[in-house]
Amino acid sequence: MVKLASARESRMYGPRLSKNQAEYTNAGLYVFATIVLLGGFTAELSREPKSGLVLLLIALALIMVVNIHDLLAHLAGYDYWFPLMEFDIQLAVVEFAVPVVQILGSVIMFLGILFIFIQEEKKYGFFKFEKHALNMLIAGPALWVLGSIHNSCQIYERADGHVQILQQSVHIPFLMGGLLLMVGSILNSREQAGFIHHGTELLGRNWVWLGIIGSLLLFFGGLMNVVKVFKMQQIDGLRLEKLRGGAHERLMREREGNVPLIIEEQRRRTKPAVTEEAAKTAASAPAPAPAPAAPTPTPHKNVATPAATPYKDVLTGQT
């Protein structure tokens with residue numbers, strides 16, 4: 001019962017104006033779910049163990065919601081463009097596989113607890129579901145352990161040591177908590193092999209106590225996840241991981257291909273406003289003084305010149 005803890009920049013837990021608040025809500029909801037889970041295991045030690053089953057069902061439902069939110073947030077971070085997984089394998093192994101595996105584990109665990117609750121409520125019938133319920137209590141935590149291992153398979157190229165320490169402080173409690181829940185379910189199944197029990201009697205003391213310790217580890221991991229989210233959002237200049245293998249560049253080119261359309265639309269909207277502002281400025285400006293007229297040139301009088309008479313001059317010269 002873990003959640004995704006990634007150091008990626010590309011994550012979108014909500015709208016742009018409230019994405020930080022949505023990520024805080026996601027982390028806080030997981031902490032609340034671990035508290036409810038701890039209360040459910042603790043209630044199994046009381047005289048009303050059926051109330052503990054109800055709390056466990058509520059906690060598992062909250063965990064499913066948190067993991068679905070994690071999955072959608074990281075898919076939205078790269079615009080639901082699944083071909084990018086071919087270039088960055090961590091997208092498939094961590095950001096996509098971890099929430100999916102955790103959701104499947106939570107669903108299987110939820111069904112196992114639900115079968116036991118129905119058996120406890122009806123007091124008869126549904127005996128064939130008991131064996132399936134015990135197997136589901138093993139399969140669910142086993143998927144959580146697998147998801148925790150996937151969650152730890154992250155490559156750090158840009159993140160500094162501070163971010164990596166925060167990441168490990170989340171991963172290790174999640175892995176240990178899921179492992180204890182799986183071991184408790186296995187021991188409980190072996191204990192019930194030689195006995196005929198029904199309802200809440202199928203849940204032995206080992207399962208309950210290991211579940212309590214595992215829930216405490218999950219709660220601690222949830223608190224460290226809140227600290228990690230706070231540090232990632234509040235510290236300026238904190239280097240987080242980008243997409244690798246050319247996936248980041250391809251995503252940027254894909255997004256930039258849509259930018260000119262947006263800019264052109266903005267230009268069309270702002271052009272009438274700019275024209276109107278220019279017209280107002282031109283109207284309020286003082287009229288310029290008229291330029292002095294250029295002097296008109298006075299035409300010169302044509303002086304009459306005698307026409308040339310070469311033959312007459314020659315004859316006159318001879319006489």
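**Notes on an all-helix predicted model**

1. The axes are lines fitted to C-alpha atoms, for helices over the stretch in contact, and the angles run from 0 to 180 degrees between N-to-C directions. The crossing of helix 1 and helix 6 is left-handed, a label for a near helix turned anticlockwise from the far one by less than a right angle, with clockwise giving right-handed. The contact of helix 1 with helix 6 holds 18 nonpolar, nine polar and one charged residues; here Ala, Val, Leu, Ile, Met, Phe, Trp, Tyr, Cys and Pro count as nonpolar, Asp, Glu, Lys and Arg as charged, and the others, Gly among them, as polar.

2. A word on the ground rules. This is a predicted model, in which local features need pLDDT of at least 70 and side-chain atom pairs count only at pLDDT 80 or more, while totals for chains, interfaces and linings use all residues. Residues are numbered from 1 along each chain as its sequence is written, and side-chain values use heavy atoms, with hydrogens and water left out.

3. Now the overall picture. The chain has nine helices and zero strands, where helices (H or I, at least four residues) and strands (E, at least two) are DSSP runs numbered from the N terminus. Of the 319 residues in the chain, 39% are buried (under 20% relative accessible area; exposed is over 50%, partly exposed in between, with a 1.4 Å probe and protein chains only). Taking contacts (heavy atoms within 4.5 Å) between residues at least 6 apart in sequence, 81% join residues at least 24 apart.

4. Two further helix pairs deserve a look. Helix 2 (residues 49-77) packs on helix 3 (residues 89-122) at about 160 degrees, with the axes 9 Å apart, so helix 2 is roughly antiparallel to helix 3. Their crossing is left-handed, and the contact of helix 2 with helix 3 has 22 nonpolar, four polar and five charged residues.

5. Helix 3 also pairs with helix 4: their axes come within 8 Å and cross at roughly 160 degrees. Helix 3 and helix 4 are therefore roughly antiparallel to each other, and their crossing is left-handed. The contact of helix 3 with helix 4 divides into 21 nonpolar, 10 polar and one charged residues.

6. The largest nonpolar core has 33 residues, and Ile-113, Leu-137 and Trp-207 have the most contacts inside it. Such a core is a set of buried Ala, Val, Leu, Ile, Met, Phe, Trp, Tyr and Cys residues joined through side-chain atoms within 4.5 Å. Helix 1 (19-43), helix 2, helix 3, helix 4 (128-152), helix 5 and helix 6 (205-234) each supply at least two residues of this core. Helix 2 gives the largest share, eight residues. A second, separate core of six residues includes Tyr-78, Leu-84, Met-85 and Leu-91.

7. Setting aside residues up to four places away in sequence, Leu-137 touches Met-109, Gly-112, Ile-113, Ile-116, Ser-185, Leu-203 and Trp-207.

8. Beyond its neighbours within four places in sequence, Gln-167 is in contact with Ala-5, Ser-6, Ala-7, Gln-154, Tyr-156 and Lys-228.

9. Ala-73, in helix 2, is buried at 1% relative accessibility. Its C-alpha atom is 4.7 Å from that of Met-12, 61 residues apart along the chain, and Ala-73 touches Arg-11, Met-12 and Tyr-13, not counting residues up to four places away in sequence. Glu-130, in helix 4, counts as buried at 10% relative accessibility. Glu-130 and Leu-202 are 72 residues apart in sequence, with 8.1 Å between their C-alpha atoms.

Methods
Parallel < 35°, antiparallel > 145°, perpendicular 65-115°, else oblique.
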